[in-house]
Amino acid sequence: MVNVIIVLILVILLSFAVKSSIRHFKGEGACCGGGSGTVKTKKPKKKKLDGPVVAKRTVEISGMHCQNCANSVTRALNRIDGVAARVNLHTNRAEVLMDRMVDEDELKHAVEEAGYDVVDIKAL
């Protein structure tokens with residue numbers, strides 16, 4: 001009888017773990033500071049550039065697992081003067097618009113300071 005109770009408890013715990021893992025990999029669970037259950041992260045404010053767009057870059061990023069990760073990268077890039085970024089979690093890429101020339105090393109440094117790795121930067 002004791003063995004049956006222990007097995008039932010283990011099955012219940014395992015089912016919660018599997019369900020949580022599935023949500024995590026879909027980007028729906030608590031990840032990277034996203035909260036304690038459902039991720040209700042504040043979407044970063046859309047940044048508007050002061051002048052016309054003079055350059056566009058695509059930054060390929062690794063290490064993002066959830067929408068909170070993508071929001072962190074967006075905020076980090078948007079802190080740079082003259083840069084407005086949109087990060088797509090599913091493609092692991094950031095589209096960066098610039099109203100002045102910004103060195104690619106500065107973009108890379110901002111992403112790395114947020115805790116992620118830059119795989120590649122391409123001009124659009």
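**Conventions.** Secondary-structure elements are DSSP runs numbered from the N terminus, helices being H or I runs of at least four residues and strands being E runs of at least two. The model is predicted, and local features need pLDDT of at least 70, side-chain atom pairs count only at pLDDT 80 or more, while totals for chains, interfaces and linings use all residues. Residues are numbered from 1 along each chain as its sequence is written, and side-chain values use heavy atoms, with hydrogens and water left out.

**Figure 1. Arrangement of the secondary structure along the chain.** The chain comprises three helices and four strands. Read from the N terminus, these elements follow the order α-β-α-β-β-α-β. Of the 124 residues in the chain, 31% are buried. Here buried denotes under 20% relative accessible area, exposed over 50%, and partly exposed the range in between, with a 1.4 Å probe and protein chains only.

**Figure 2. The salt bridge between Glu-104 and Arg-57.** A salt bridge is defined as a side-chain nitrogen of Lys or Arg within 4 Å of a carboxyl oxygen of Asp or Glu. In the pair of Glu-104 and Arg-57, the closest N and O atoms are 3.3 Å apart. Glu-104 belongs to helix 3 and Arg-57 to strand 1 (residues 55-62), so the pair ties together parts that are 47 residues apart in sequence. Arg-57 is buried, because its relative accessible area is 13%, whereas Glu-104 is partly exposed at 33%.

Figure 3. Side chains of opposite charge can pair when their charged atoms come close. Glu-60 is bridged to Arg-93, with 3.8 Å between the closest N and O atoms. This pair links distant parts of the chain, since Glu-60 is in strand 1 and Arg-93 in strand 3 (residues 93-98), 33 residues apart. Glu-60 is partly exposed, with a relative accessible area of 25%, and Arg-93 is also partly exposed, with a value of 36%. A further salt bridge joins Arg-100 to Asp-99, where the closest N and O atoms are 3.6 Å apart. Within this pair, Asp-99 is buried at 12% relative accessible area, while Arg-100 is partly exposed at 37%.

Figure 4. Asn-92 is located in the loop between strand 2 (83-88) and strand 3. The phi angle of Asn-92 is near 55°, a positive value in a residue other than glycine. With a relative accessible area of 27%, Asn-92 is classed as partly exposed. His-65 is located in the loop between strand 1 and helix 2 (67-78) and is partly exposed, with a relative accessible area of 46%. From C-alpha to C-alpha, His-65 and Asn-92 are separated by 9.2 Å in space and by 27 residues in sequence.

**Figure 5. Ile-121 in strand 4, with Ile-61.** Strand 4 (residues 117-123) contains Ile-121. The relative accessible area of Ile-121 is 16%, so this residue counts as buried. Ile-61 and Ile-121 are 60 residues apart in sequence, and their C-alpha atoms are 9.0 Å apart in space.

**Figure 6. Cysteine residues Cys-66 and Cys-69.** Both residues are buried, Cys-66 having a relative accessible area of 0% and Cys-69 likewise a value of 0%. No disulfide, defined as a pair of cysteine sulfur atoms within 2.5 Å, is found in a search of the whole structure.

Figure 7. Patches consist of residues with over 30% relative accessible area and no salt bridge, joined within 9 Å for like charges and within 5 Å for nonpolar side chains (Val, Leu, Ile, Met, Phe, Trp, Tyr). Met-1, Val-2, Ile-5, Ile-6, Ile-9, Leu-10 and Leu-13 make a nonpolar patch of about 750 Å². Leu-13 is placed in helix 1 (residues 2-26) and is exposed, at 52% relative accessibility. For charges, Lys and Arg count as positive and Asp and Glu as negative, whereas His and the chain ends are not counted. Each charge is placed at NZ of Lys, CZ of Arg, CG of Asp or CD of Glu. The negative patch is formed by Asp-50, Asp-81, Asp-103, Asp-105 and Glu-106. Glu-106 lies in helix 3 (residues 104-113) and is partly exposed, at 40% relative accessibility.

How values were computed
Areas by Shrake-Rupley, 256 points an atom, 1.4 Å probe, with all protein chains shown as cover.
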